[in-house]
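Hello,

Here is the structure I promised to pass on to you. Please have a look, and then read on for what turned up in it.

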Amino acid sequence: MTTPLPDDPQLVSFLRQHQSPVPAPALDLEARLLATLPPHVAPRSAGRRWPFVLAIGAAALWGLGQVLIPARQPETLRLATVETHLEESWSHVFSAHAEPWTTEPLP
Amino acid sequence: MAEASPTFPDDTALIQRCLGGDTQSFQVLYRRYQSRVRGTLYRLCGPTHLDDLVQDVFLRVWRGLPRLRQPQLFGVWLYRIALNVAADHRHQAGLQRDQQRTLAAQGHHHTDPLDLNHCHYQDLVERGIRQLPFEQRAVLILHDLEDRPQKEIAEILKIPVGTVKSRLFRARAALRQFFADEGVHL
C-alpha cells in the first residue's frame, strides 16, 4: 500500500481562491462545432468484420493454390508408375532379342 | 455523471445515439462537459486559442466515439483527450505574450487596493502554475483545482497512482517555493 500523500489545505485554498476566471466562449462556438461534425459516424461493427475478412482471404488463398499447384498423385500410383518405367528401361538390357543398337558393328 | 431518465439520458445512452449520427445527443454531451473541459484547458494552456482547443477536443470526441469500448468511462476518456490537446498546444509561442497581456489588462481596470491585491495573487497563481512542468501541472490542476480522485487521474494519464502522488507532491513543493521567491509565504 502506498504512503498517503499529506494534504496541503493552505496551498490548495490559496490556489482556488485566486484562480483566474475562465473566459467565456464565443457565442457561436457551439453552432460552429456542430456544423463541422462529419455527417456520419463510422459503425461500431467495423472491428467485427475482421474474422469474416480473414475467412474470405483464407478461402481465396486455398482456391488459388488449387489452381497453381498441380494435384499430387496418390503415393501407390506414383510408385507403380516408377516401377513400370524402370522395368521398361532395363528390359532391353537383359532381353535375348537385342535391340538394334547393340548389334551395330563398331567402326 | 447524470442519472438516466428520458429527460436527462446518461452518457452511455447519449453515446449510443451519437453513434447513429444523432448530433442533438452530441450537443447534450457537449453542454454537459464543455465548461469542465474549458476550465482544464484554460488552466493548462491559458486563454490563447481557447475556443479552438475546446472545439478540437470535441471534434476528436465525435470522431473517436466508435473506438470507445467502455462508454461508462466517457469522462475519463474525455479528460484524456483534453490533456492530449493541451500537450499538443503547450509549445505555442503566444503563451508568454498572453500572460503579459492579461496582467496589463487587469492592471488597467482595477484601482481598489483589495482588487489590486487579488489581481496580483491571481497573476501569481497563474504564473506559478504555468512554470510547472506539464506533467506536474496536469496532476495539480486535476487534483487540487478540479477535485478528481487520484485513482481517476491515474486512469486519465495512464500512470500508476504512486506517480500521481509524487508529481503532486513535487508540484506543490515547487509552487510553494515559487510563491516564497515572490514574497508570498503561505
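A salt bridge here is a side-chain nitrogen of Lys or Arg within 4 Å of a carboxyl oxygen of Asp or Glu. By that rule, chain B and chain A have 3 salt bridges between them. In one of them, Glu30(A) pairs with Arg31(B) through their side chains, at 2.7 Å from N to O.

A word on the background: this is a predicted model, in which local features need pLDDT of at least 70 and side-chain atom pairs count only at pLDDT 80 or more, while totals for chains, interfaces and linings use all residues. Residues are numbered from 1 along each chain as its sequence is written, chains are lettered from A and ligands numbered from 1 in the order in which they are written, and side-chain values use heavy atoms, with hydrogens and water left out.

Back to the interface. Contact (heavy atoms within 4.5 Å) links 45 residues of chain B with 34 residues of chain A. The two chains bury about 3,900 Å² between them, 62% of it on carbon and sulfur atoms; buried area is the accessible area (1.4 Å probe) that two parts lose on being put together, summed over both.

On the side of chain B that touches chain A, 24 residues are nonpolar (Ala, Val, Leu, Ile, Met, Phe, Trp, Tyr, Cys and Pro), 12 are charged (Asp, Glu, Lys and Arg) and 9 are polar (the others, Gly among them).

Over all chains, the structure holds 15 salt bridges. One of these joins the side chains of Asp11(B) and Arg32(B), again at 2.7 Å from N to O. Asp11(B) sits in helix H1 of chain B and Arg32(B) in helix H2 of chain B, so this pair ties together parts that are 21 residues apart in sequence. Helices (H or I, at least four residues) are DSSP runs, numbered from the N terminus.

Grid points are joined across faces, edges and corners, and a volume is the space filled by probe spheres set on the points. The count comes to 1 cavity of 30 Å³ or more, with about 100 Å³ of space in the largest cavity. Its lining includes His18(A), Tyr42(B) and Leu145(B), and H6(B) gives the most, with 4 residues.

Best wishes

Definitions and conventions
On a 1 Å grid over the protein atoms alone, a cavity is a set of points where a 1.4 Å probe fits but cannot get out, and a pocket is an open set with protein on both sides within 12 Å along at least five of seven lines; lining residues have an atom within 4 Å of a point. Helices (H or I, at least four residues) and strands (E, at least two) are DSSP runs, numbered from the N terminus.
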